[in-house]
Structures are given as C-alpha cells and as structure tokens.
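This report looks at how some parts of a structure meet. Please have the sequence and the 3D view open while you read.

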Amino acid sequence: MSAPEKMNLQTFTQGLWKENPVFVMMLGLCPVLAVTNTAMNALAMGLATTFVLICSGFLVSLLRKVIPKQVRIASYIIIIATFVTMADYLIQAISLEVYQALGAFIQLIVVNCIILGRAEAYASKNGPLKAVVNATGMGLGFTFALLCLGVVREVLGGGTLFGMQVMPDRFQPWSIFVLPPGGFFVLAFWLMLFAAFEERKQKKGVTA
Amino acid sequence: MSDIAQDAMELPPQPSPFRLVGTLGGIAVLSGLLVVMTYQWTKPAIERNQREALERAVFSVLPGAVRSEPVEMTGQTVFAGFDEADRRIGFALESEARGYQDLVRILYGFDPDRQKIIGMTVLQSTETPGLGDKIIRDPAFHANFEALDVSREVEVVKSGAKTEAWQIDGISGATVSSQAVGQAIRRGAELRERVLAFYRGDQTNRTDQTNLTERGGQP
Amino acid sequence: MSDPVHLKTSPHLRGAHSVDKIMRHVVYALMPICLFSIVQFGLSALVLILTCTAVCVGTEHFACRLNGRPTTVGDWSAAITGVLLGLILPPSFPLWMAAVASVVSIGIGKLFFGGLGFNVFNPALVGRAFAQAAFTVPITTWTPAMAHARFKEFIPSTFTFPFAAPPDLRPWMERLQIDGFTGATPLALMKFDYVDTESAKLFVGTVAGSAGETSSMLILLCGLYLAYRKMLNWKIVASVLASAAVFSWIFWVKDPSVYPTPLFTLTSGGLMIGAVFMATDMVSSPVTPLGVVIYGSIIGVVTVMIRLFGGLNEGVMYAILLANAATPLINNLTQPRIYGAVRRKKEVKA
Amino acid sequence: MHLSAFNLSQFFGGTFSHGIHPAENKHFTEAKPIERLPFPAQLVLPLSMHAGKPSVPLVRKGQEVVRGEPIARADGFVSVPLHAPATGVISDIRLMPSARGPRVMSLILDVYPGDPQEVLYGAPVELDALSPKEIVQAVQDTGLVGLGGAAFPTHVKLTVPEGCSIDTVLINGCECEPFLTTDHRLMVEQAADLVKGTRILMRVLGAKRAVIGTETNKMDAVAAIQNVLLPNDTVSVKAVPTKYPQGAEKMLAKALVGREIPSGTFPSAVGLGVFNVATTTQMGQLMPMQRGVIERVVTVTGPGVKRPGNYIVPIGTPIRWLLNRCGFDGPAGHLIMGGPMMGGTVSSLDTPITKGCGGLLVLTEHQLTSEEQMKRYPCISCGACVDACPMHLNPCELGRLAYKGQYEPMAERYHLNDCFECGSCSYVCPAAIPLVQYFRIAKSSNREKVAKAS
Amino acid sequence: MNPGSFSAIFLDAFLINNFVLALFLGICPFLGVSGKVKTAGNMGMAVTFVMLVSSLCAFGLNHLLVKFELEFLRLICFIAVIASAVQLVEMAIKRFSPTLFRALGIFLPLITTNCAILGLALFQTAREYSFVQCLAFSLGAGAGFSLALLLMAGLREKLELADLPGLARGAALSLILAGMLSLAFMGFAGLGG
C-alpha cells in the first residue's frame, strides 16, 4: 500500500474482500447495524457512503500536496462533512421516504471511521485516479456488507426483499431480525461465517 | 515531559501559521461553496418532495380531498382539505403520544361540522413489528377512524368490545400501541377546540375564508 | 501389604452433593409443575414440554459430538433448560417455534459461551426472550385453563407447519364457547382493564398463562423441597419476592384502585417460577452473600417497574436477564470482607 | 456493609462463621483409652521433623544411646534438639524417604530388644525459680514442637514479638478433623498435665487467663478438665459448637474470645497465644523433669484397620510396623497422615511417625469417594465454597482464575495468601474441583516469581 | 408521563432507546473499550462528560445557525464544535486533575469520532429539544452508554475465564453479548408510558 505501488486490480478488489471494511476491519459498525433492517435502506446507505468515499478520496488526493501535515485531519473532516451534507441533500431530493428511513444516520457518515481512515491511509498518499478506484472498491465492499445484513434481516424478519414478497404467504416472519438484537445477532453470524471460511481457506493453503 | 519531546519531534518542517490558516480557510471556503451549491440545486426538489408527502398524508386522512392548504393556529399548523368542488372537507391535525417503544406521531382528519374524526394515518412509529405496527395498516383498526365521535372523550376498549361511537376497538395483543393512538387523539382535544373556534368564526365571516383560500393557493 | 497407590493431596473427603445430583433434583422438583400444567392445559402442554426437553438435550448432545467432545448431556442441565423453557411458553405455542427457542437456548445461550458453568445468561430465558422478540404474536396468545376438551384434542396452533404462521385461534375458542379470551392473563387484565383476579385462584393456579407458571403454590412447594435439600439458594428467592412485594406495596398504598396488591404481584404471572427456578440458576447468579441479595432485589424491583410502568404486562424474564448481565459487576463489587481484613481506619488510628 | 461489625456469629451458635460439618467418624476411637505399644525393632529419626533448620547429629554411626538422651542439637533459634526415643544403637545415618516424598537425612536407631527402656535423663527443676527467658531455653531443650501437625518449635512461639503483650492463652482442644481423637483422649486422661502445661505457658507469656477450647462433641473432656481446675481459676474450659475448621487458630480466636487476627499477622497481634492440647500436655509432663520429647499419642483409625485406637508410640516408629500392629493387612488403601481434611497421603510405608503426626487414617478404596462423586464438572458458581470458607474468601473466583493460570490477580485481588488450605471449599464443591490443590500451586508459583524477581 | 418532561427524556435515552443497544450509536468504543470493567467505567465517565458539554454547545450553536439561516452548515459546525469541545475538555482535565487525565486521557481523542456524540447533537436538533431537554437527553444518553459499557465489560471479564469455543472469539462474542443485552433492554419498552 505504500506510495510508489502501481495501480492494479488489487487496488480495486482490496476493499471488496481481503480488507473488507466491515467483516475484516470491523469499521463503521454503527450504520451496518442501524440501517440494515431492510435491503433498500442498506443499499441506500451503502451508496451514500460510497459517494462520500469517492468524492472525499478524490479531493483529498488532489489536495494532498497543498495541505500541511499539521492541519490535515481537520481539513479531511471538513471535506468529508461537506460531501456528507451534499449526500444528505441529494437523498432528500431523490426520495423522502428513504431519507426518513435512514434518519440521522446519513449525517453520521461523517464519523464513519472508514472514510477518514481511507483519506488518511490511502488518498493522502496516492494519485487521484488510484484513490478513486480504491475508494470505489472500499465503498462497494461496504455496500456488499450492508446488503449481506440487509437481505438476511429483511427476508427473515419480514418475508420481503426490497419491499417485494419473497416468502410464501403463510411464512411466519421472525420479527427479531428487524429489531435491534437481530442486528447484533446477524452481524455476529456473518462474522463467524467469514472467520470459518477464512480458516478453511488457510488450512487448505497450508496443506496444498 | 514526553509531550514536549513528541512535539519537538513533530516540529521540524514547520510551515508558517499563515499557510495553515490559509489552507484551512481555503478548504472551508471550498466546502461552503460546494454545500451552498448543492443546497440551492436540490432545494426545489426537496420542497416538492416534502409537499407531496404532506399532501399524500393529508389526503389520506381527509377522504375525497384534492387540495390542501396550511392554516396557522397559534403555535401549530393544521391543514384544511378541499374536495373537487372546493368545499372544505375538514382539517388534518397532528398529534403524538408515547407508544410501546418510542413516540407515535399521527395525523388525523377532523370534520368540525359533525365533530367526528374521518381518517387517521401514522406518521412515525417504531412499534413492534407484527404486533404494535398494526396501528399503521390494520384495516380493522383503521375502520375505527372512519367516523369517530370526538364530542366527548375518546376511549380505547378491548378488541371487539366497541359499542359506542366514541370508542376505539383496540388491537388484541397490542394494547399499548392502540392506547397510544387513543391518547394522541385525546391530546388533540385542545387543538380541536381552537379549530372549532376558528371554524365558527369562519362561518360568520365568509370573506375571511375566501381570503384564506386565495392566500393558500401556492405556498 | 503393598505401598499405597493413591498419592493425593488433602482434603480427602467430599461433601454429599455433586453437580449432576443437584441438577437431577431440580428436574424432579419440576415434575409436579409439569404434571399440573398438563392437567390444566391438556395434551398441548404435554407435547410442548416434551418437545422443548428433547430438542434441548438433542442440541447439546449433537453439538458436543460435532466438536468431537464427550457429550455433556449427563449433567442434566440441558434437561432443566428444556423443561423450564416448556413451562414458560404459552400452551398454544407452535411446536416448531418451541424447537427454535430450544435450539437458541442451548446453542446461543449456553454452548456458545463454553457450556455449563460459563453461560452468563439463563439459557431458558435466552430462548424465551428470543422467541418473544421473534414470534411476538404467538407468544402472547393465551388459551384458557381447564378447557373441557383439553385431553381429547390439541390446541390448533400446536401443530403448525414449520416456518408457517399459526392459525387464528378465535374460531376454535368460539367453538369451545370461550369468548374474547386472547390476552387475558390475570396480569393483562390487571394492567389494561384494572380487573383483579381472586388471589385464591392465582395461588392454586387455575388461570391462563404460560404452561407452568400459573400455580404459585405448587412452585413454592417445589422450591421449598429444593431449599430443604440445599440445592437452591433461598436467599435469592426471598430477596426477589420481598423486594417485589415491598416495591409494589408502596404503589398499592398510594392508589389501590390502579395498582395491584403485593399479594397479586407475588402470585400472578411468572414471578414465582422466575424467582424459584430461573433467578436461582447458579451459573448466572452471584456467589457472594451480599451479592445475591442485591441481585434478587434488582429482579424484584425491575419486574414490578416493568409491570406497573412499562409497556409490557410481564417483566420477570427481562428483569432476570438484566440481573444476569449485572452479575459479574455485582460479584466484583460485593467481594466478602475476609476474616482479619486489615481495615484502613485502624491503620490511621495506629 | 458487613455485619461483622457487631459480630452476629457471637450471638448465634457462639463460634466463627462459615465452615462445614463433615461426618465426624470419631466413633472408631473416641472411647478407646490411650494404649502403650511395645517398641519396634528399628526407629527412623529424620533430623528435620520440625519446621525450621534441621537439627545437627550429636552421635556417630554405631554409637550406643540411652532412651531420653539428646542425639541431635538445635541449629540456631528456629530449630529443636532431638532425643533418643529408645535405648539402642545408631546403626546408620543416611537419607530416608519422608512422608511428603523428598528423602531427608535420618538417624537409624536399632532398639535393644529386652531392654527395660527406662528414661534416665532429666532432673526435676523448680520452674517458679526460672525467669521466663530461662524457661524458653528450657522449652527448646525439650525439643517440643507443635504436636497438632504444624511442628513449629514451641519455644519460638513463646517469644513474644516486640510491641505485643499477651493477655490470654488459648489451648486448642477442638480437634475438628474427622476421625482423629488424640487430643480428645489426652484431655480426658491427662487433664492434670494439660492444666499444668497451661499454667507454665501463662507464666512464660505473662498472660492473665487461659481458655481451653473444645467442641461440644467432647463434653467428657470438659468434665475431666473441670475436675482438675481450682475454684475461680484463671484457667477455664469452654466448649463451642462442633464445626470444621474450628481448630485453626484464627477460627479458635474468634470462637473463644471473639478476636479477629488481622491478615498477615500472628495471634500475638491481638494478645493471644494459641497452643495445641497435645503440646501443652507434653509440656506439663516434660518441663518439670527437664526431659525431651520421645513419644507421642497417635490415633490409628479408619474403616481400613481392624483394631483402631489411640496408641503411645516412640517417635520414629515406622508406619508399616504400626499399621501391622493395628491389623491393617488388606490391599494398599488410602493412607493419610493426619486428618482427612488437611493431612497428606504417605509416599512410603517405611516413613516414620514424626513429632507432628497425630493420626494415621486408612480409608478403604470404596470409602474414598465413589466414582460418581469424583466426576469433575465445570464450576457452576453455586457459591457453596463461598459459604464454606472460614476466611470469607471467594474460592469460586479464585478457582476460576487458577483454572486459567492467572495466579497473580488471585493474590492481589482475592487474598489468596490468606487461605490456610483447610479444604472446606474442596469438600463442599459439587463440581469436584480440586480447589485447594489449585491454590497450593498458585501460591508456590507466586512465591517462585517473587523469589525470581528479588 | 409527559413525553417532553425531563425524566421521560432521560429514561428514554437511558434505558428504552439506549444509544448503544437500540440505536447502535457508539458501537466502536462499545466493542473496543469493554474488555475491562475499570477502563469501561472511565470511558463511560469521559463519554458522559463530553456528551454533556458538546450537547449544550451544539444547542447554543444551533440557535445561532437558525438565527442566521445557515442550517446547511450544521453538520460541519457540529463536527468542529465537538472536536474543539473534546480538546478543551482534555486541556481542562489535564490542567486541573492529572489523575483524572491519566484515567481518561487516552479515550478523549477517540471520542471525537464517536458517533454517539454527534448522533446526540443531531437527534436533539431534529427533535427540537429545549435547553433543559438537551440536558436530560445528554445525561440520559451518557448514563445509558456507561451502563451498557459496564455491563458488557463485566460479562467479558467473566468470560475471559471461560472455555470459549473457537467460533466465539473476538468480535463475534462481543456482538452476541450485545445482542443479548439488547434483548434484555427490550423489557424497558414503553417505560413511563
């Protein structure tokens, strides 16, 4: 990840799987738990975060030589807050319903450690193009994680997916999955699955 | 002590304070610019969305309404709804009460002529899915609000026990949520009084009403 | 004469109790309550209790096998969890949901934390709390006690197809000529309609409610047996009941028309079975002498608080879970003063 | 917060709080008078059968010794001399197995068969004429150590630390360990010597009164002692409710005079001197004659022996010989030196009876603990150990920490070092967790760490 | 109870809609700093204190923004206010109580990016709370956060001595525990209603 590295496919895929911000790095868990009670909310939240990631990554990378080291964190926060505010207005303009469902969590993207972390660790050391590609990967990885939770929670908790009925009529929804405890349980379940998967892969790698 | 040492280590390439402030200021200006631009650009769409959402809600509690306009009561805005013939159907009033989990905010249609509630919709609630959230769309529960007498205190009774016009049939198993709706309606009594007073004043003074209609054409 | 073969360190004597013996006796003590619940709610209660027990024991057994460890079913603790879970579910609860609750009890409530001895929450209550959050409607659907056909037919919802919603019980109840019964446990009647139920009825237990929670007299007797055998910490039971009684008495004195009598508080709902069999779960309760009193008081007070001022009409389950969560803190804060502890005051004087 | 401020336990039951009630099993021997056994052919005399420095031999290999003759001298203050328990010849000085395992340097004494075995050493002395300091020296010369089991040199206990003054002497006749009846029989049969010894102790320590404490299951001992007391005597006898571990000096102090010995200090810190009944009786017998400790009373008991009883045997008698005399010929059972709660198993039947050994207990295989009871379970936090621990520790938490090898927090936060390993917690534990063993390991591990650090 | 009253708002933020267990705010420190009861207690204190300060600052700031019709700058300003409030608090503590600083010091910078603090400011603005209501809200949220953190730390400390299966290590264990606490807190629903 050091500066002189060339851009390659890894720049993009890194955030999707190997350094997935949620499952591997355990960052930005507040929205992961709070707005994943439906797949729609999860998607919207993921996209909004991706938007902020890309834009702030781009701008930070552009300004990386201008900003003195002493004030970099403050500058980054201002930049991020700017784009979050923009995302906030954009979502409001696109769909009020989604906006109301996500509530204050859109504005809380500001304090999502993923974004500041990316700005500090990647965008401030790489060119704009690389920063954007990497941010896109990270954002999609985040969105993927959100969807993982959102889909499970919505299907089991309400029998629907993106608002459409997917379970048989007589299906008994398990409402715990749309309630707060369900969020914790589903995330724990995904983490365990992820850990088990990684462990198996490592074992295979050792034996092979 | 160690702080000083740390500071000393970070110090060497010290840029001038002007540059620091300058950069921050520049970024702030840039950010302000971006935000203001977005704000201006999205403003009409947001306002349209909000108006549409509000109208949808108002129309849903005032059956037959096609147009609404805000009426300023002291401290609170209510919405008057009009049908195709531009006759006033009633007023949409907002109220809230504590539910099972959080506040339950409702909007209900009030017909001052008959002193009845003619429709109700839940604006915001986080009631238990499958149980308390029946107040949002359970048709049997909503049937209570097609003609609910509010000339006297509204009462929530057990499911199926409604005998009087001022009673609300509760949802079995979701007593608290049903009670919250009833409570919200009871709370609105004072506002309804004011609407009534306004309405009576209105009846006697026709011109005032036309005035109001014209004013409320396009907010 | 050969040399001694055992090289052991002291002590060489052991007391009479062992873990499995304690657990077995708790199961014995639960048997009369099971019997009464079957008498009261009929076949459905029987299959409910059997299902929960079988699934709990089975889950424990297979999970141990999967991990390649010897099975721990022999310590009887899974059986207790199963029987208790069956007793605190409504008799009409669909069996598939009961099975889910049982798997959650043992799986998440116990084995996840390392099995017996490490479960920080009472497993049966974890299962029930999960069910309460997942299947809100079925778990608050109550059927009348002593329905006349209870030994001839099952409650229609008992054999609901797995993962399907249970059928509406109203037609069935109408056929049995019981009207408007849903939600009418004595607690619900009290909370929402301010209708009191005769204490005698509550004491004997011929009222609606969870399968095994209705008869406070029977539960108390079974608890007395366990306390007599020293297999149950009576201080916990006493402090739960005393704090609940005192706390509800305060409000009852203030306004007897709205708040229930202390006796009603003690005998209604799940307080008795909670205090005697759930709060006293050794693993998830404190060990220090002062700690158990604090723990019991938390349960009593929170239960009454939820019953009187909360959105629910019953709060024992949540109260016990919360107290379980606080147990490590309570233990930390109430370490016994050791014999001969050097007091700071003395040092200052000296 | 805590009720101990006004000591409720003094009102109810009149003893310390917590503790356990194991089956007493004293019926095997409690009614059997003390019986003298003949001499074995060979005695084994370890040079370190007391706490402190081993004594230094005064004899050579092949040297003849007479019963009662000093054969080893004390090496320093915390050490005691050793006296020949029988007339015979020192056949060897070599390493011999000890009860605890490690081999220790021992004198081997071949007893002359047919010798009258009279004690010729020692001369009557007027104790009242001696100063306390001289008495302390005299006590050391007798080789007297704590005969209750600790084997701590008695004269060291008689030297009161600077700044303390002792007002009360407690004589420990509780014998709370199941099975053992040595002290019980001594109190019944040798009450006069006991009281005599008590008065010597009071004089040395300058104490104004003495209390002989025993338990309510030994009321005949109370009667016997009261018989030899004067009216309005400064020595009194008191029976407290039977409970284990009443005989621990800290518990006894609480039970008899309601004083709590602060953590990390000795009874002298609260003006007490605590001595065992057997020690005191021996003192009463030996001091006026200036003789040394050469024999002691041992309870040989348990379902594994045919003729259980209380026997006077010379120090150094091999266990094998003693057990043979008492009719133990079955398969190797479970042999415990001392009581079942705190005594240790014996590594070899060739080890001898030492000064601190008050009992030999033979349990049969099935008597031990049945298979079902031995099954280990994880700790279920039942709190039985917390209710049992006489020191009011939290063995439950200690056990959990020990299980994970976190020994340091055990000492820092949970007072591990106040545990005196009475075994009450292990006794009551339904999960059969070897708590005391854990604690011993933890303590020694901590000690090693401290030693390494310094 | 009147939903706008001091006690109702306090109870709501404290138990019913607990910031951590129901609203998922401040999950990162909740999972990160709940290993030991002692640190959890200190962290709880620090968060409560910063919440109180920044909530009141945000209240005042919001008034100014509304007055000058600059609402679109709200987010940026809140962030700045919280960051400087944390800085000020840090300096003040360092100056006046070095012991307290040693206990809280390392947590204070962490708090700046704690969404519970910003969430508090945003929620109180959205709900249009008055000064007193803000006070109740921040105290309740802080107390709720501390309670959840302490319970969690106690449980985790206890489970450190357990034989956990391989699956239940690390974050998954904390999340399951949090889920259980969240389940238990559901019992408080509707309290005071």
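How many salt bridges does the rule find across the interface of chain C and chain D? The rule finds 1 salt bridge there, a salt bridge being a side-chain nitrogen of Lys or Arg within 4 Å of a carboxyl oxygen of Asp or Glu. Arg337(C) and Glu260(D) are joined by a salt bridge between their side chains, at 2.9 Å from N to O.

This is a predicted model, in which local features need pLDDT of at least 70 and side-chain atom pairs count only at pLDDT 80 or more, while totals for chains, interfaces and linings use all residues. Residues are numbered from 1 along each chain as its sequence is written, and side-chain values use heavy atoms, leaving out hydrogens and water.

Among the 8 pairs of chains that touch, chains C and D have the most contacts, where contact means heavy atoms within 4.5 Å. In this pair, 44 residues of chain C are in contact with 68 residues of chain D. The buried area is about 5,000 Å², and carbon and sulfur atoms give 58% of that area. Buried area is the accessible area (1.4 Å probe) that two parts lose on being put together, summed over both.

| Pair without contact | Distance between closest C-alpha atoms |
|---|---|
| chain A and chain D | 25 Å |
| chain B and chain D | 28 Å |

Terms used
Chains are lettered from A and ligands numbered from 1 in the order in which they are written.
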